[in-house]
Each structure stands twice: as C-alpha cells, then as structure tokens.
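Subject: Structure for you to look at, with notes

Dear colleague,

I am handing over the structure we spoke about, and my notes on it follow directly below. Please read them with the model open beside you.

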Amino acid sequence: MTINTNLTPNIVLANPRGFCAGVDRAIIIVEQALEKFGAPIYVRHEVVHNKFVVDELRAKGAIFIEELDEIPTGSTVIFSAHGVSKAVRAEADARGLTAYDATCPLVTKVHIEVEKMRKAGMEIIMIGHKGHPEVEGTMGQVEAGQADEAEDTSLAMYLVETPEDVAHLQVKNADKLAYVTQTTLSMDDATAVINALKAKFPNIHAPKSDDICYATQNRQDAVKIMAKDCDLVIIVGSPNSSNSNRLREVAENQGVEAYMVDNASYLKPEWLVSKKKVGVSAGASAPEVLVQEVIAKLQKLGADHVQELHGVVESVVFQLPKNLTSAAKRSL
Ligand code: SF4
C-alpha cells in the first residue's frame with residue numbers, strides 16, 4: 001500500500017550504523033566452530049541480541065541455551081559477546097565443556113578493570129541496566145568465592161542506573177571507590193550518573209579510558225546529527241538490544257518521533273503521514289540486509305530519494321580467540 005500523503009518523504013541513512021567489530025567477531029566464532037566441529041554447537045545466551053542473526057545461526061546448527069546445565073557434559077559451548085561471570089567459566093570447566101569465548105574484547109577490558117580495581121582494594125560501582133547479560137557478567141567478576149588471594153572478598157560491587165540510585169547509594173569507604181560502565185549505555189545518561197557520583201563521592205576513581213565503546217559512541221553521534229534534520233527516525237534492532245534502544249532514545253531526545261523495528265514488517269504506514277524526512281539507522285547487532293529491507297519497504301510506502309550521510313569510518317577489527325584458530329588449524 002502506498003501512503004496517501006501530500007508530501008513525499010526522503011530517506012537519510014546514518015553513518016556508521018549496524019554491525020560493530022565485536023558483533024562481527026562473535027558471529028564468525030560461532031560459524032567457525034560449526035564449520036570445524038560440526039553441529040550442534042551450544043551458545044550460552046543469544047550470541048548477539050538480534051533475532052535475524054540468532055535464527056540464521058540456529059538454522060546452521062547452533063543451539064542457544066541460558067544455563068550450562070542444559071548442555072551434555074563434554075560438549076562445545078560459546079560464551080556470547082556480552083561476557084560471562086567467573087562462576088560461569090568455572091562451571092564450564094567443572095563440567096568438562098570445551099569453551100570458546102565470543103566476549104567482545106571491549107567488554108573483557110571492563111572485566112580487567114574491575115579486577116584491577118578490586119585488587120587495589122576498592123569498592124566498585126557499575127553503571128548499567130539491571131538484568132542485562134553484560135552487567136551480570138561484569139558484576140560476576142567479583143562474586144564471592146571466585147576471588148583470588150590478592151582480593152578482599154568483603155568489598156562490594158554496586159549497580160546504579162540513574163542519578164536517583166546514586167542519591168540512595170551507601171558505600172563502606174567513599175575514599176576507596178571506583179566506577180565502571182556498561183559498554184552500550186546512552187552517553188548522555190551515563191554522563192548524568194557519573195556527574196552524580198562525582199558530586200556525592202568526590203574521590204571516586206574513574207576507569208582509565210571510557211567504558212562506553214567506540215561503536216556505541218559513533219552510532220549515537222551519527223543518530224544525533226541525522227535526527228536534527230528529520231521528522232521521523234527508524235532504528236533497526238531487536239527489542240532486547242541495549243544499544244539499539246539507546247539509539248531510539250537519542251533520536252527521541254532530539255524531539256523527533258522515533259521507532260525501533262526488528263525488521264521491515266514492523267513498519268507502520270501511518271508513521272509516514274505528513275513526514276518530510278525519514279532517518280534510518282541500525283544498532284550494532286543489526287545486519288545491513290535488514291536496513292536495506294526497511295528502505296525498500298519505506299519506498300514502497302511512498303518514500304523517495306535515499307541520501308547516505310557521511311560519518312566516522314570505522315576500521316576496528318578484533319582477532320579470533322587463539323584456542324579456536326589453533327583448533328581450526330589442527331582440524332585442517
Ligand atoms: S557494541 Fe561495543 S562492546 Fe558491544 S560488541 Fe560491539 S564493539 Fe563490543
């Protein structure tokens with residue numbers, strides 16, 4: 001159906017958008033494991049938060065599980081890009097599972113920071129979303145019983161999401177306190193929480209470099225620039241994708257009507273009524289094929305010219321885990 005509107009909206013495409021280096025690497029790890037060892041390959045949690053990607057890997061023989069006790073002893077398991085707690089790694093070892101780690105290296109960087117802060121005797125505050133697997137994995141770097149000898153297991157790790165959480169937070173020693181953040185937060189929201197932390201705990205120790213990853217920052221910056229010129233923004237991403245949700249919020253915070261769609265079938269013709277410019281972007285876990293399908297559907301609904309915006313050119317590539325590449329070589 002072509003929408004009946006006096007205006008023919010143009011489409012603008014944000015850049016960069018879609019897959020980041022961590023998502024690329026995680027998908028390749030599952031594909032290589034399937035190729036080298038054959039199906040089934042178990043994957044703990046959705047390897048990346050995108051339904052299309054997960055369905056494709058499932059069709060190739062990946063089995064997605066939430067807990068390791070769902071896997072037969074001796075199987076091969078892949079940890080998702082979001083990372084896992086120390087307890088999950090220990091459980092995989094104890095059950096004799098062969099584990100390959102698709103944790104994004106930028107999430108691993110935060111895990112290492114947490115370990116260092118803890119070894120320095122600090123209590124740690126994590127800024128992140130409760131229940132998100134990355135938060136569970138990062139908080140799980142300091143679980144009781146998993147600490148090594150150098151660590152003080154009485155040191156707590158706290159989770160805050162908002163400045164209000166900071167207002168209610170009580171710590172044991174405000175002078176030995178540090179914070180880290182989830183990698184996919186809204187930069188503006190994170191800044192508000194960090195400012196609240198610094199105001200309440202002036203001696204709080206910041207991470208060495210920004211924990212919000214390059215891909216999250218670049219995609220949010222690109223949507224901010226694009227949204228200024230649009231009256232509708234469509235973000236391609238699955239509902240459980242944190243960074244996709246943040247992109248929709250970034251557009252909304254610019255005062256623009258914004259929706260997130262898993263694929264083109266979710267587009268509603270009425271969204272285009274009286275619109276002049278439709279901005280399109282995609283979260284870091286959403287493949288470009290879905291973006292192209294959304295554009296095709298928007299054109300079917302009456303949108304016209306497609307303009308690709310210029311943006312930061314990303315050249316980040318992460319290496320595959322050594323134990324997978326050496327296993328791959330052995331099986332040749
Ligand atoms: S969004 Fe950032 S942290 Fe997450 S997988 Fe991509 S690069 Fe890694």
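H45 lies in the loop between β2 and α2 (51–60), where helices (H or I, at least four residues) and strands (E, at least two) are DSSP runs numbered from the N terminus. Although H45 is not a glycine, its phi is positive, at about 70°. H45 is also buried, with 22 other C-beta atoms within 10 Å; here a residue is called buried if 20 or more other C-beta atoms lie within 10 Å of its own, exposed if 12 or fewer, and partly exposed in between, with C-beta atoms placed from the backbone.

Before going further, please keep in mind that this is a predicted model, in which local features need pLDDT of at least 70 and side-chain atom pairs count only at pLDDT 80 or more, while totals for chains, interfaces and linings use all residues. Residues are numbered from 1 along each chain as its sequence is written.

A positive phi in a residue other than glycine also occurs at S274, where the value is near 65°. S274 is found in the loop between β10 (257–261) and β11 (277–282), and S274 is exposed, with 11 other C-beta atoms within 10 Å.

There are cis peptide bonds to check as well. One joins N15 and P16, with omega about -5°, and P16 has its place in the loop between β1 (10–13) and α1. Another runs from A39 to P40, with omega near 0°, and P40 is found in the loop between α1 and β2 (41–44).

Strand β11 deserves a careful look, because six of its six residues are buried, so that the strand is largely enclosed by the rest of the structure. In a regular strand the side chains alternate between the two faces of the sheet. In β11, K277, G279 and S281 point one way and V278, V280 and A282 the other way, and all are buried. Four bridges join β1 to β11, and these strands run parallel; two strands are said to pair if DSSP finds at least two bridges between them. β11 also pairs in the parallel sense with strand β9 (residues 232–236), over five bridges. V280 in β11 has L13 opposite, and I234 also stands opposite V280.

Within β11 you will also find A282, which counts as buried with 29 C-beta neighbours inside 10 Å. Leaving aside residues up to four places away in sequence, A282 touches R17, G18, I235, V236, G237, L290 and V291, a contact being two residues whose C-beta atoms, placed from the backbone, lie within 7 Å. A282 and R219 are 63 residues apart in sequence, and their C-alpha atoms are 8.2 Å apart in space.

Elsewhere, four strands form an open sheet in the order β3-β2-β4-β5, with parallel pairing. Its edge strands are β3 (62–65) and β5 (98–101), each of which pairs on one side only. Between β2 and strand β4 (residues 76–79), which run parallel, there are three bridges, and R44 stands opposite F79 in β4.

Around the ligand there are 15 residues, of which the closest are C20, G22, C104, T183 and C213; a residue is counted as near the ligand if its C-beta atom, placed from the backbone, lies within 6 Å of it. The helices α1 (21–37), α4 (105–119) and α8 (214–227) each supply at least two residues of this shell, and the largest share, three residues, comes from α1. By class, the shell has 10 nonpolar, five polar and no charged residues, where Ala, Val, Leu, Ile, Met, Phe, Trp, Tyr, Cys and Pro count as nonpolar, Asp, Glu, Lys and Arg as charged, and the others, Gly among them, as polar.

Finally, the domain assignment of the chain gives domain 1 (10–19 + 214–308), domain 2 (21–104) and domain 3 (106–200), with bounds that come from an automatic or database domain assignment. The centres of domain 2 and domain 3, taken over C-alpha atoms, are separated by 26 Å. Their contact takes 12 residues from domain 2 and 13 residues from domain 3. On the side of domain 2 that touches domain 3, the largest share, three residues, comes from helix α3 (residues 86–94), and by class that side has four nonpolar, seven polar and one charged residues.

With best wishes
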